[in-house]
Amino acid sequence: MGGVTTPPIRGRTASAPGLAEELRISIARLSRRLRTLRPHAAADGGPSPLSLTQFAALAAIERHGSMTPRELADHEKVQPPSMTRVIAYLEERGLVARRPHPTDGRQVVLNATEDGSALLADERRRKEAWLAKRLGELTEGEREILRRAAPIIDKLSRS
């Protein structure tokens, strides 16, 4: 593979504020597009799809292995009463389960159930398939730029 040529930086993206604007717009547009791939209400009268907040909470629980309701609320930056409603819905749907905290009998920990993990895996597969198709339409050089940028974008998302 030859060297990757990076497109020249022109205009507004040459400055940090201009780059911030371009990234904000592009990332928001990509995020909106990925959200459109979420399942819509079930035609057979089954349960409605999860809200973005419910989906994010379930994903956080799965990613961390287990969390207390308070840890989950803090992680998702929502008030505990709001998270209590989210947890209740996820539990009602059979997507999360409560179990006693291993060291503090006053608390519980939340874990994703097999159904919860399967729902997350299905949504991830759908989004990654769409994104892989779009990436396949790019040149190898463009994909290499994105490979290099991915850890940097991740770093920005965690700050």
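**Close-up 1. H3 and H4 are roughly perpendicular to each other (65 to 115 degrees; under 35 counts as roughly parallel, over 145 as roughly antiparallel, the rest as oblique).** The model is predicted: local features need pLDDT of at least 70, side-chain atom pairs count only at pLDDT 80 or more, and totals for chains, interfaces and linings use all residues. Residues are numbered from 1 along each chain as its sequence is written, and side-chain values use heavy atoms, without hydrogens or water. The axes of H3 and helix H4 (residues 80–92) come within 9 Å and cross at roughly 110°. Axes are lines fitted to C-alpha atoms, for helices over the stretch in contact; angles run from 0 to 180 degrees between N-to-C directions. Helices are DSSP runs (H or I, at least four residues), numbered from the N terminus. Pro 69, Arg 70, Leu 72, Ala 73 and Glu 76 of H3 meet Pro 80, Met 83 and Ile 87 of H4 (contact: heavy atoms within 4.5 Å). This contact has 6 nonpolar, no polar and 2 charged residues. Ala, Val, Leu, Ile, Met, Phe, Trp, Tyr, Cys and Pro count as nonpolar, Asp, Glu, Lys and Arg as charged, and the others, Gly among them, as polar.

**Close-up 2. Helix H2 (residues 52–64) crosses helix H3 (residues 69–76) at roughly 115°.** Their axes come within 10 Å. H2 contributes Ala 56, Ala 57, Ala 60, Ile 61, Arg 63 and His 64. H3 contributes Leu 72, His 75 and Glu 76. By class, the contact divides into 5 nonpolar, 2 polar and 2 charged residues.

**Close-up 3. Helix H1 (residues 16–35) crosses helix H5 (residues 114–136) at roughly 125°.** That angle makes H1 oblique to H5. The axes come within 10 Å. Leu 30, Arg 33 and Leu 34 of H1 touch Lys 127, Trp 130 and Leu 131 of H5. The contact comprises 4 nonpolar, no polar and 2 charged residues.

**Close-up 4. Lys 127 lies over the face of Phe 55.** Lys 127 is 5.5 Å from the ring centre. The criterion is NZ of Lys or CZ of Arg within 6 Å of the ring centre and within 35 degrees of the ring normal.

Terms used. Helix = DSSP H or I, 4+ residues; strand = E, 2+ residues; numbered from the N terminus.
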